[in-house]
Amino acid sequence: MSELALRELHSFEAGGKEFLYLVPSAAVFELDGASSAVIQRLRQRTMSRSDLAVQLSALYPMSEVDETVAELLRVRAIGELGVPEHSAPRQMPPENFPLTTMVLNVTNQCNLSCTYCYEYGEDKIVDTENGKKAKFMSEETARESVDFMLRESGANRVAHLTFFGGETLLNFPVLKFAMRYARERAAEVGKDVDFSLTTNATLLRPEIIEFLAENRVGVTISIDGPKEMQDQFRVFSNGKGSYDIVAPKIRELLQRHRSRPIGARVTLTSQTLDIRKIFRHLTEDIGFWEVGFAPVTTSPNRKYAIADEGFDSMLGQFRALAEDFLQAALANRHHGFSNVKDTLEEIHKGVSKAYPCGAGLGLMGVSTDGDVALCHRFAGSDSHKFGTVRDGIDRLVQIGFLEKHHIDDKTDCRTCWARPLCSGGCYHEAYTRYGETSHANLHYCEWIRGWTDTCLKIYGELSVRNPRYLEQFDEKVEYEASSVS
Ligand code: SF4
Ligand code: SF4
């Protein structure tokens, strides 16, 4: 008789219950007494069904053990030894995958000189100062880009247009022009366009704020926290910190722009890692609706790079803030820690990624002169070019990229239980660290697995104690591109 063995799973406890995260299906499975007993026995050694029934006979009738085994086989928590895990054939995205989000780099110039900036700092990919790229996008290129976006959006009814830089608002005239033109053209072809932008907030003037509010533009502000943290890296070219300039402007924006929630996006470094303090300042003192954190993208030898101990500290602080999030969610209160909410949504929807993000798939970046690139962080880089807005996406280049970057080809990730949600991590991070977009981001695996485990526990706890909270994720939410950073 064949032996039974555990399949690929990650166990966790939450809300007084035991759960499994089933890696092949990316599903969360709550164990009852009998299934927990079966899993425990199989954790010790492989066993036949009849051995299991004998071992558990004092606790459960044979029929219940049989049913439990059948259920665990069905969800692929266990399998027959020697029978290879049924691995689905490699699924490639359909040809001519529609463009969901176009990130338009309306300028590659910036009025800040943030020390860690991937565009201007020591790890930059594109030479934005001396290169051949235009410093500002022209109206003509913006018009061609909008046409490109609507053409490539296929059957999607809504196209997402995100403005980006450099500092986006340095080219506000072209941004306004592109929005007006996109609205007109979209109406002609029966589509809607959702607009968003990322800005450092230094140029938010009353008339710009008015425009953003009136036009329901999604806004993400890059800001690192209270004055001492913001001014450490987010400085003007003379070294002067930007906090005193941006704080009043952001308050004014939050006061006036209420048609959409406004988020902050924080870059964490080894020197600015007090996450709770940053979160409290940005939500309670400044008034942001939500705050997302990401570690700085940099090569490891920079002194602001986060190293192993830094990732441990970051994880501990993320966990503390996630606990606050959980308490708020249990009481049906809003909590703005968007890293948790985004991951809960992915868990709830059973997301299993063949690629870490939409870059090169549904999301592409457009440089100031109309070159189309993998994403906004690669916009202007000839080696990551996917076409031009005039000639469209080079589908052969795109297919070649997607073939090469599929999770199945990331050897280190193939046995990792966190891969349905991580899938190797950001291409830009990998390129900066390892010089190769196809490399898995192995420097932060422990952090990713620790964080995913935390979010699974929060998910489990909510599913036991306040399942209605999770219902908000039942709705199919259109991909929001407003947090591009
Ligand atoms: S990068 Fe690390 S954490 Fe992410 S899927 Fe690969 S092995 Fe897992
Ligand atoms: S996760 Fe990285 S590769 Fe993906 S869109 Fe963001 S910056 Fe680009």
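This is a predicted model, in which local features need pLDDT of at least 70, side-chain atom pairs count only at pLDDT 80 or more, and totals for chains, interfaces and linings use all residues. Residues are numbered from 1 along each chain as its sequence is written, chains are lettered from A and ligands numbered from 1 in the order in which they are written, and side-chain values use heavy atoms, with hydrogens and water left out.

**Stop 1**

Helices (H or I, at least four residues) and strands (E, at least two) are DSSP runs, numbered from the N terminus.

**Stop 2: ligand 2**

Move to ligand 2. Around it are Cys 357, Ala 359, Cys 375, Arg 377, Cys 426, Tyr 427 and His 428. This shell divides into 5 nonpolar residues, 1 polar and 1 charged.

**Stop 3: the aromatic pairs**

A pair of aromatic rings is described by the distance of the centres and the angle of the planes. Rings of Phe, Tyr and Trp (its six-membered ring) pair if their centres lie within 6.5 Å; planes under 30 degrees apart count as stacked, over 60 as edge-to-face and the rest as tilted. The whole structure has 19 such pairs.

Select Tyr 21 and Trp 417. Their ring centres are 6.3 Å apart and their planes stand at 80°, so the pair is edge-to-face. Tyr 21 sits in strand β3 (residues 17-22) and Trp 417 in the loop between α12 (395-404) and α13, so that the pair links parts of the chain 396 residues apart. Both residues are buried, that is, under 20% relative accessible area; exposed means over 50% and partly exposed in between (1.4 Å probe, protein chains only).

Next select Phe 337 and Trp 451. This pair is tilted, at 5.8 Å centre to centre and 45° between the planes. Phe 337 is in the loop between α10 (308-330) and α11 (338-348), while Trp 451 is in helix α15, 114 residues apart. Phe 337 and Trp 451 are buried.

**Stop 4: the largest cavity**

Rolling a probe the size of a water molecule over the atoms shows where empty space is left. On a 1 Å grid over the protein atoms alone, a cavity is a set of points where a 1.4 Å probe fits but cannot get out, and lining residues have an atom within 4 Å of a point. Grid points are joined across faces, edges and corners, and a volume is the space filled by probe spheres set on the points.

How many cavities of 30 Å³ or more does the whole structure have? The search finds 3. The largest holds about 450 Å³. To find it, select Tyr 116, Cys 117, Tyr 118, Ser 222 and Arg 234, which lie nearest its centre among 27 lining residues. Elements giving two or more residues to that lining are β9 (192-199), β11 (263-268) and β12 (290-295). The lining has 11 nonpolar, 10 polar and 6 charged residues.

**Stop 5: backbone exceptions**

Most residues other than glycine have a negative phi, and most peptide bonds are trans. Three places to check:

- The peptide bond from Gly 165 to Gly 166 is cis, with omega near 25°; Gly 166 lies in the loop between β8 (158-164) and α5 (172-188).
- Arg 76, not a glycine, has a positive phi of about 65°. Arg 76 is in the loop between α3 (62-74) and β6 (78-80) and is partly exposed at 28% relative accessibility.
- Ala 201 has a positive phi near 75°. Ala 201 is in the loop between β9 and α6 (206-214) and is buried, at 0% relative accessibility.

Terms used: 1 Å grid on protein atoms, 1.4 Å probe; cavity = no way out; pocket = protein on both sides within 12 Å on 5 of 7 lines; lining within 4 Å. Nonpolar A, V, L, I, M, F, W, Y, C, P; charged D, E, K, R; others polar. Near = heavy atom within 4 Å.
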